[in-house]
Amino acid sequence: MTGWRKADWLTRSGLVCLAVLVLVTVVGTVFGIGGDPDAMVGPRLAPPGGEFLLGTDELGRSMLPRLFEGIGTTLLLSTVAVLVTAVLATLLGVAAGYYGGWLGEVVLRLVEVLYSFPTIVLAILVAAVVGPGQTATMCSIVLITIPLMTRVVRAAAVTVSERDYVTSAVISGAGWPRILVRHLLPNLSGTIAVQGTYALSVGILVEGGLSFLGFGVQPPQSSLGALIQQGSTYLLTAPWLVIVPGIVLIVAVLAINVFGDGLRDGLEPREARSLV
Amino acid sequence: MILELDDVGVTFTGGPPWARTKVYAMKGVSLTLAEGEILGLVGESGSGKTTTSTVALGLRRPTSGSALFEGKPFPKRRKALAGRMQAVLQHPQWSLNPRMRVGHCVAEPLVVLGGTTKDEVTERVLATLGQVGLDASFAQRYPHQLSGGQRQRVSIARALVTRPPFVVFDEAVSALDVSVQAQILNLVKDLRAEFSFAALFISHDIGAVRYVADRVAVMRHGEVVETAPSAVFFGTPEHEYSRQLVEAL
């Protein structure tokens, strides 16, 4: 646990917030705390407290299990999407950074085209092509997070490939698989992990935005964005419908960003800092 | 001959097609290196020393002229040269992969070469570490736990583990303290006496070159201005520039 001892209080609190959020969600979902998220069990728009800890929505569904399901959906979608991004961006970035040449140019130009689209416009475009739903949300997150990550991985790969130990390996006659697995990836893993945390927070925001616009997760399934969207109709009469998932969204994004900053300080050498 | 460079030129082009700029990194460089000989290559920064080393190692194809290693042109597939040539490079802090233990670093050329069992590799690695003056416990350490001189010793061990007939030392001692430099230079001399490899010893430090080299070549602006046996060179340098270098010693 040397990493934990080296981390400052901000990084630690970010990690703790994130862990608590995930733990509560997993426990809440697995043990079905608060009952069935889709069952209409109570009065409509009941305020928090008593039998329904976070109140009920416009159909009389208890908000607590819906919140558990919502956090679960959002985190799961974003995490899967970011893992896909990480794999693709690493392949593209290393190809562009290590091999360079025309392959690198093609990758860079493609990525720049993607980069030039405004986030939410790109997401709506994807939803229009794929059709609204979880697939559209995941595809959007991947397409939105891949440009930055590819560029950062490429920049890091360029730096690492110029180091003497890579040259030595080439002189020794090592093939590209060995150089990739033994030299490049271990020295890029820090950069990839740091970019992954940032991509995760972007992913959560994209899910929220897309579901809020109605192109993301479809009812009756809940997600943080979907909960906020459904609750926004009753903002004045039942503000808790928006406030609770809103706060969770903010906490999740903040915690991930703060943790990502700490991870960067710990993993990335100082001279690479300007790349981020 | 281990290495023959014949009238080698290397040109770097830059800029857009309508305003091409050309930099001549090497112009008509001819050098030969016999088995077991150490050729010192001196010259100021930007004189083309490192470009020469990349050509000698087959990492860069010359724009003009020919480069022969052991009498043959460099093969297309790098693997064919595995174990035949090695290099000790400039930066002690980046010469070793920070995520690999020293033992694995030194073993790499052997593993790439193949044909040895795991036990043989371990044995050879420990033996080679011993020959560069590091005990077996170093094999388990990571590069950040080593000093600059120790890292350069590890680099030398990695270069010699396959007993190559040709080694390039590219500014191998320049980043080290003077006392450590002397140790490493002595080590290079001792190891050469033991394994009789040929070496291209590149340095801007003419004192270091004088200490290890059998012959000296001086480069300036991409050209070799003088090549002579060490004794002759340091006694009666012919070229004006060589004379300045020797006088500054």
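This report covers a predicted model, with a strand sheet in chain B and record-based regions in chains A and B.

## Basis

The model is predicted, with local features needing pLDDT of at least 70 and side-chain atom pairs counting only at pLDDT 80 or more, while totals for chains, interfaces and linings use all residues. Residues are numbered from 1 along each chain as its sequence is written, chains are lettered from A and ligands numbered from 1 in the order in which they are written, and side-chain values use heavy atoms, without hydrogens and water.

## Sheet in chain B

Chain B has an open, antiparallel sheet of four strands in the order 2-1-4-5. Strands are DSSP runs of E of at least two residues, helices are runs of H or I of at least four, and both are numbered from the N terminus; two strands pair if DSSP finds at least two bridges between them. Strand 2 (21-33) and strand 5 (72-73) of chain B are the edges, each pairing on one side only.

Strand 1 (residues 3-14) of chain B is joined to strand 2 of chain B by nine bridges, and the two run antiparallel. In strand 2 of chain B, Lys22(B) stands opposite Thr13(B).

## Helix across the sheet

Helix 1 (residues 49-56) of chain B lies across strand 1, strand 2 and strand 4 (64-69) of chain B, at about 120° to strand 1 of chain B. Angles run from 0 to 180 degrees between N-to-C directions of axes, which are lines fitted to C-alpha atoms, for helices over the stretch in contact (heavy atoms within 4.5 Å).

## UniProt regions

An unreviewed UniProt entry places "domain: ABC transporter" at residues 3-246 of chain B. Over residues 3-246, chain B is 35% helix and 27% strand.

For chain A, an unreviewed UniProt entry places "transmembrane region" at several stretches, including 106-129 and 238-259. Residues 106-129 of chain A are 88% helix, with end C-alpha atoms 24 Å apart; residues 238-259 of chain A are 91% helix, with end C-alpha atoms 33 Å apart. UniProt positions follow the numbering used here, feature names are shortened, and annotations may be inferred rather than shown by experiment.
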